[in-house]
Amino acid sequence: MTTRTVPTPKPIFEKSRPGRIGCNIPVADTPKVDLAAAVGETRDSVAWPEIGELDLVRHFTNLSQINYGIDTGFYPLGSCTMKYNPRINEQTAALPGFARLHPMQPEESIPGAIEVMLGVQDFLKEITGFDEITMQPVAGAHGELTCLMMIKAYHESRGEGDQRNIVLVPDSAHGTNPASAARCGYKVKSVPTDAEGNTDIEALRAVMDETVAAFMVTNPSTLGLFEPHIKEICDLVHEKGGQVFCDGANMNAMVGVTRPGDHGFDCMHLNLHKTFSTPHGGGGPGCGAIGLQSHLEAFMPAPLVTRGAVGEPVLDDDRPQSIGRVSSFFGQFLMAVRALTYLAAYGSDGLPEIARHAVLNANYIKARLKDVLPPAHDRPCMHECILTAKEYKKYGVRALDISKRLIDLGFHPPTNYFPLIVPECMMIEPTETESKETLDEFCDAMIQICTEAREDHELLINAPQKQVVGRLNEAEAVKNLDVKWQADR
Amino acid sequence: MPYIPHSEEDRKEMLKTIGVDRIEDLFVEIPDDLRLKAPLNVPEGLDEYKLFGHLNELASKNMSASDAVCFLGAGIYDRYIPAVVGALISRGEFLTAYTPYQPEASQGYLQTIYEFQTMVAELYGMDLANASMYCGATAMAEGALMACSIKRRSQVVVSEAVHPHYRQVLETYCSPMDVEVKTIPALASGREESLDLVTEEAACLILQQPNFFGMITDIKAAREVCDRTGSLLLVSADPTAAGLLPTPGELGADIVTGEGQPLGIPMGLGGPLLGLFACRREYARQIPGRIVGRTHDEQGRLGYTMTLRTREQDIRRERATSNICTNEALMALAATVYMSAVGKNGIRSVAESTVQNTQYAISRLTEAGARIKYKGSVFGEFVLSLPIEASQVRDELHKRGILAGLPLGEYFEGEEHSLLVAVTEIRTKDEIDWFASELASVLDNEENDLWLVGASLDQSRVQVRQADGHVDARSVETIEKVTVTKSNWSIKDQFGLEMQFTDGALAEIHEEDTAGFEAVMAALSKQLEGWDEEWYEKVVYPPFEKNAAVVFERV
Ligand SMILES: Cc1ncc(COP(=O)(O)O)c(C=O)c1O
């Protein structure tokens, strides 16, 4: 990030002056009514800011200038797939024929929208190898939960609902995996990772029995490694009647190269906001499509967007075994529009290049940094490389310090301290959309920082220096909880 | 390739640095039998011009609120979105950021979230709000599960007047957690008939403000019940209405959730949306999702950071308060810009214009031959009773470019004649007049032309629509008696003036056709029942007798 030239904006409330307004709002042209007669008691006025339109625009523009995005610079945040978000996607999603549709319009009035949903579903079926896709889940974690609910309903339909009350989760799993299992009423048991970075199959065998409902596997794993024994793992779980869920956050490594539906998985979630370029927006909206094999079809959330007997699009709400509805309407429709725009741009010949170049970029970074930051596992990585900064501990430097120094050098840091099993973990995911020059600049900066760590660690410990704030006191934030602006604070 | 910048030269150099010959060599760990051998069976890629054309064609197949006049609501509203909203949220620094895990590089976003939390808490009259949930339905379900963990109870009670989709999502979330969902009936009067179902077993009572039928909910009464049973009170509140009505907080809600779409977010076929979530301070550590707080750096500078992090999945894993990770940050930003743009006076104006347009629509649509199903105050939305099936009206008006509302028969058995109509601040008098005249013409064209009487919502007039479509209004105060026989009906007012009306459909029924006569009378008395109970008492109802009459008389 560049040095700042404008001061940090004050909270917008402190700019408020009575009588100002930031937009030209429509006012009803119907006859006036007696408000008290119509609605009864009313409230005091809402203490929202009163601010003119130009000052409003400046406020948010200035705030954006102290925020880092992919558009600002390299954002190698592991597990998050921070790839370029094509602007054409924003244009198509803004078309009034999509943006101004009401979710409860008659089906006959939205044939194009249904085609969009079917279009994405068709692409995703082919890319993942699953029989069915639904886009009702609205984020990755929501997709996990939906899959687990379907798995639960499946076991219940076979009279095994009570007996199977455990979900297995690898020790390397993302936090949402165990949290989703708990949200679905399951007990969570952890499965260790072996020295090579794969699922410890013997340990899995030891815990896998008829009390297990499902095993949640991330493939490629959160260590950025393809699980080479995935078929064996799925067989092992299936033998005992369990189901295998694939956390598909890392789909970017597989598009057009290999299909989770062929690995033996029963269901999976996708993050269209990762793999298929819908913007992360600072933490959402996501888009959490799920894929599943036909034995789980009956339990899918209703309504389903599907095709009828002669291929005509239908909304199927008559699903007696369905787990029910998981979100308000059809999921993140405008995100589906963006995803379709992206998928259609690449098409059959282009899609495999996504995974190929994502993997190329990650291995390039790994190769360039291996002397200063060794990989946690010395194997070809997939779309991200997991490095460890543990040898810098002796200089009093931690992975987080390296990250903070990176900010001052103009880069967004990688993911730190995840997966939990790698000490001083730096999880770097460059994505396919970064050029070699950008990767080189990043690697040069990392190498420089590692030298600084040895020679002048103050630079790291005190970083960042060039931002509007330095490291913040998190303990104070919790202790003096200030989550709402008040005039007297 | 679109979006992939590598040249052949780049690839060569990179592979050399890595120490392999081909990109395929990097995939050696994928067992050969799992590698795709054939190209994906999907269409070929499109250039940007064709791509836009393709999507534009799909978009143009839909009838959007730009092509039709939208009176559909049910939680998603066609409201005005100031131009600044789209302009500011499409700035790349916001649009392409991730969750602000590195606060020093994300102060801009963090500050907007802090401002968002402040404005949502203020809107709902609550102590604090989080940084957003997925949508109104999941926010409500999460609130219910939060109440269960606070109260250590495993039952929630929800009103039937809560959005049916929200109740479905609630069921979906509660079922695997072994939380029982009990439903309070509300269909007869449009409001909770009694709160007796709430007992000491209930973790929370869930109501909606205004409720699914548009009616204003009595939150105070619910608070009293919850105090007795030790249950939390969860209110799912529409943000626009919250700008005008007494806040859920001041009326005693413990948790307030809502759908933030009306705050500057396009309808977008219902996604992405914005789940609002606010609660009392004492529950701050149980709240799901992200919260941003203010603190200081080492130099004493004020800064923003995510806080109370130990509730969250990445730290607490299976003991987290929720599994939510990605939320709806960009939609929360849209809402923040909207709330700042309309500001204190704008939100009041939006809400008041909504009420004004709604009242006008009620009077016009009832004149057109529909009736108001439920008695009581409404905000922005109401249920019409129609003489023919609501889905028929919806389909007919759809052909004429009007999204007339939601037929409730799709959600409630026996409600085939009910239509939920929403009116926002952007509907104009002309649009409402047009809706009314098209509705009148649809009803006129129907065989079943029994729709003789309606009452305007301000309940000062009775409308009499004659067979020729002419509408005649009578002041309710003056009417003493309404008599309906099989061939005609009459109104008698206090001045002794009697008006006789002959209705075509009634006259057509043959004297001896008792079955037909019975059906007509049943339908008629049902129509009249809704509006008349306060002023008229049914005196005679002998449908099988010759020359029988239904008489409604002032009590
Ligand atoms: C491996 C993994 N699984 C699941 C998730 C959850 O996805 P979402 O944030 O869309 O809910 C993430 C996202 O951060 C992830 O990295």
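How do the residues of the lining of the second largest pocket divide into nonpolar, polar and charged? They divide into 11 nonpolar, 6 polar and 7 charged. Here Ala, Val, Leu, Ile, Met, Phe, Trp, Tyr, Cys and Pro count as nonpolar, Asp, Glu, Lys and Arg as charged, and the others, Gly among them, as polar.

The model is predicted: local features need pLDDT of at least 70, side-chain atom pairs count only at pLDDT 80 or more, and totals for chains, interfaces and linings use all residues. Residues are numbered from 1 along each chain as its sequence is written, chains are lettered from A and ligands numbered from 1 in the order in which they are written, and side-chain values use heavy atoms, without hydrogens and water.

Pockets and cavities were found on a 1 Å grid over the protein atoms alone. A pocket is an open set of points with protein on both sides within 12 Å along at least five of seven lines; in a cavity a 1.4 Å probe fits but cannot get out; lining residues have an atom within 4 Å of a point. A volume is the space filled by probe spheres set on the points, which are joined across faces, edges and corners.

The second largest pocket holds about 700 Å³. Of its 24 lining residues, P303(A), D317(A), R325(A), H165(B) and Y411(B) lie nearest its centre. Helix α7 (residues 164–174) of chain B gives the most, with 3 residues. Helices (H or I, at least four residues) and strands (E, at least two) are DSSP runs, numbered from the N terminus.

The largest pocket holds about 810 Å³. It is lined by 32 residues, with N416(A), Y417(A), Y101(B), R309(B) and D314(B) nearest its centre. Its lining has 15 nonpolar, 9 polar and 8 charged residues. α11(B) gives the most to this lining, with 3 residues.

There are 11 cavities of 30 Å³ or more.
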